[in-house]
Amino acid sequence: MVSFYLIRHGESKDNLKSIWAGSRDAPLTNHGMNQAKALASSLSHIAFASIHSSPLQRTMGTAEALQSMQTIPVPQIIPSKLLQERAFGDAEGQPYTSKFTKGKTHEWHYEQGIYPSLKSRNARFPGNTSESVNDVRARAKRVVDELLLPYVWDTARNNQEEVIHVAITSHGIFLTELVAELLNRGGKSSMVPVPFLRNTGWHRIDVNIEGKRTGQLISLDEGEQPKLVVQAIARGQDEHLKGLVRQKGGVGSIAHDRKQQDIRGFFGK
């Protein structure tokens, strides 16, 4: 069996603004890094086989904090653009709003620099890079097939009895679609409500091959994909944030300086 921990990144500079952030590469704030450290400490008893991460700063910083609290053998961080947040095209960096002026078209709003939230799963903002929710779901399907299920197949082929733990650090919208896709693979309805994660919140999804018993050897032909048992063991976990207070004087909202942290580590401070 494989346990996947789907983790949202710590607070970023863009999280402090009411904007369409999407694929913008905003860094963690100091408070966001403290959230990531609290997360890492709370999960330090779990030996992750690997950590898959979106390559954006806010997710990589969270993944590195998680990695720093792991014991030997330290898991590798594996970046993948497939794990990035939904891209909002021309709307990125623009103010977020849900207000839509009656009698006006979407195009009229865009000409005014207004980007109201989209209602349809097929809708996209203008811009070559823009994605719909269904586009994000398509990426989630690729992540399941290309990044996650190989762990399940390998575990079965190698007759591993112990549970394999894999961490994924990504983004709120993407993780919502990824959880729905995983549940769908187990025959569960993709419409099952999935709570939106707070910064550094996480879900745990367990995946196993249907009917496989402990110690049973499974022979899989190339390309064969047997039925899966998928269980949502934990949703919206964020107990590690209890008691965590933002640094005063605006310090907590400043972009976290990773180089400064490296210098302090070098001098043992």
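Predicted model: local features only at pLDDT ≥ 70, side-chain atom pairs only at ≥ 80, totals over all residues.
User: Nice. Let's zoom out: how many helices and strands are there in the chain?

Analyst: The chain has 6 helices and 8 strands, and along the sequence they run β-α-β-α-β-β-α-β-α-β-α-β-β-α. It has 269 residues, of which 46% count as buried. Taking contacts between residues at least 6 apart in sequence, 77% join residues at least 24 apart.

User: What about the surface: how much of it belongs to carbon and sulfur atoms?

Analyst: The accessible surface is about 13700 Å², and 50% of that belongs to carbon and sulfur atoms.

User: Now the inside. Which residues have the most contacts in the largest nonpolar core?

Analyst: Those are F4, L6, V152, L178, L182 and V207, in a core of 31 residues. At least two residues each come from strand 1 (2–8), helix 4 (133–157), strand 6 (164–170), helix 5 (172–185), strand 7 (202–209) and strand 8 (228–237). Helix 4 gives the most, with 10 residues. There is also a second, separate core of 15 residues, with I7, A40, F48 and A167 among them. As background, nonpolar side chains in soluble globular proteins tend to be buried together.

User: Changing topic: how many aromatic pairs does the structure hold?

Analyst: It holds 10 aromatic pairs. One of them joins Y5 and W202, a tilted pair at 5.4 Å centre to centre with 45° between the planes. The pair links distant parts of the chain, since Y5 sits in strand 1 and W202 in strand 7, 197 residues apart.

User: Is Y5 buried or exposed? And W202, buried or exposed?

Analyst: Y5 counts as buried at 3% relative accessibility, and W202 is buried with a relative accessible area of 13%.

User: What about Y110 and F125, how far apart are their ring centres?

Analyst: The centres are 6.2 Å apart and the planes are at 70°, so that pair is edge-to-face. Y110 lies in helix 3 (residues 106–111) and F125 in the loop between strand 5 (115–116) and helix 4, so the pair ties together parts 15 residues apart in sequence. Y110 and F125 are both buried. Ring pairs also link them with W20, F88, Y96 and Y115 into a cluster.

User: Last one: where is S44?

Analyst: S44 is in the loop between helix 1 (30–42) and strand 2 (48–53). With a relative accessible area of 29%, S44 is partly exposed. Leaving aside neighbours within four places in sequence, S44 is in contact with M69 and Q70.

Technical notes
Residues numbered from 1 in each chain as written. Heavy atoms only, no water. Helix = DSSP H or I, 4+ residues; strand = E, 2+ residues; numbered from the N terminus. Buried < 20%, exposed > 50% of the residue type's maximum accessible area, 1.4 Å probe, protein only. Contact = heavy atoms within 4.5 Å. Areas by Shrake-Rupley, 256 points an atom, 1.4 Å probe, with all protein chains shown as cover. Core = buried A, V, L, I, M, F, W, Y, C linked by side-chain atoms within 4.5 Å. Phe/Tyr/Trp six-rings, centres within 6.5 Å; stacked < 30°, edge-to-face > 60°.
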